[in-house]
Amino acid sequence: CKETGYDLIRKIYQKYHTFLSQGTVYPLLYELQKLGLMKMLKNKNARSKVYSLTERGRKEAKERIGDFLLAQKYLLQSLSKN
């Protein structure tokens, strides 16, 4: 999926009701790019840049999401036993 930084800010706000400023999002995108987890392409018809995960980035995201869900499961199980 290819998105501009603005698209990502808007989608995060719509889905999670959390506003992230450009000053937060773009440095994160640049850092992920430096780490080889994202790639940036210039949109041919516009001045905007589009970002997408690299194969390594997709793998890393799946692992981290899996770790987060497992931690959430254990936390909820622990809380429900009290």
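In this predicted model, E55 is exposed, with a relative accessible area of 56%. The side chain of E55 meets that of R58 in a salt bridge, at 3.3 Å from N to O. Four salt bridges are found when the whole structure is searched, and the structure also holds one aromatic pair.

- R58 and E55 are three residues apart in helix 3, a separation of about one helical turn.
- R58, the partner of E55 in this salt bridge, is partly exposed because its relative accessibility is 37%, a value that lies between the limits of 20% for buried and 50% for exposed.
- A further salt bridge joins R64 to E60, with the closest N and O atoms 2.8 Å apart.
- R64 and E60 also both belong to helix 3, where four residues, or about one turn of the helix, lie between their positions.
- R64 is exposed, its relative accessible area being 57%, whereas E60 has a relative accessibility of 26% and therefore counts as partly exposed.
- Side chains of opposite charge can pair when their charged atoms come close.

**E3 and its surroundings**

- E3 is located in the segment before helix 1, which covers residues 5-16.
- The side chains of E3 and K11 form a salt bridge, with an N to O distance of 2.7 Å.
- A polar contact between the side chains of E3 and K11 is likewise found at 2.7 Å.
- Is E3 buried or exposed? With a relative accessible area of 9%, E3 is buried, since the limit for this class is under 20%.
- K11, by contrast, is partly exposed, with a relative accessible area of 40%.
- Which residues does E3 touch, leaving aside its neighbours within four places in sequence? E3 is in contact with L8, K11, K49, V50 and Y51.
- E3 and H17 are 14 residues apart along the chain, and 19 Å separates their C-alpha atoms.

**The aromatic pair**

- The one aromatic pair in the structure is formed by Y26 and Y30.
- The ring centres of Y26 and Y30 are 6.2 Å apart, and the angle between the planes is 40°.
- The pair is classed as tilted because planes under 30 degrees apart count as stacked and those over 60 as edge-to-face.
- Both tyrosines, Y26 and Y30, lie in helix 2 (residues 22-34), four residues apart, which is about one turn of the helix.
- Y26 is partly exposed at 22% relative accessibility, and Y30 is partly exposed with a relative accessible area of 39%.

**A nonpolar surface patch**

- Which residues form a nonpolar patch on the surface? The patch consists of I65, F68 and L69.
- Together, I65, F68 and L69 have about 320 Å² of accessible area.
- I65 is part of helix 3, which comprises residues 55-80.

Definitions and conventions:
Residues are numbered from 1 along each chain as its sequence is written. This is a predicted model: local features need pLDDT of at least 70, side-chain atom pairs count only at pLDDT 80 or more; totals for chains, interfaces and linings use all residues. Side-chain values use heavy atoms; hydrogens and water are left out. Patches are made of residues with over 30% relative accessible area and no salt bridge: like charges are joined within 9 Å, nonpolar side chains (Val, Leu, Ile, Met, Phe, Trp, Tyr) within 5 Å. Accessible areas come from the Shrake-Rupley method with a 1.4 Å probe; for residues, only the protein chains shown count as cover. Helices (H or I, at least four residues) and strands (E, at least two) are DSSP runs, numbered from the N terminus. A polar contact is a pair of N or O atoms within 3.5 Å; within protein, one must be able to donate a hydrogen and the other to accept it, and residues adjacent in sequence count only if both atoms are side-chain atoms. Contact means heavy atoms within 4.5 Å. Buried means under 20% relative accessible area, exposed over 50%, partly exposed in between (1.4 Å probe, protein chains only). Rings of Phe, Tyr and Trp (its six-membered ring) pair if their centres lie within 6.5 Å; planes under 30 degrees apart count as stacked, over 60 as edge-to-face and the rest as tilted.
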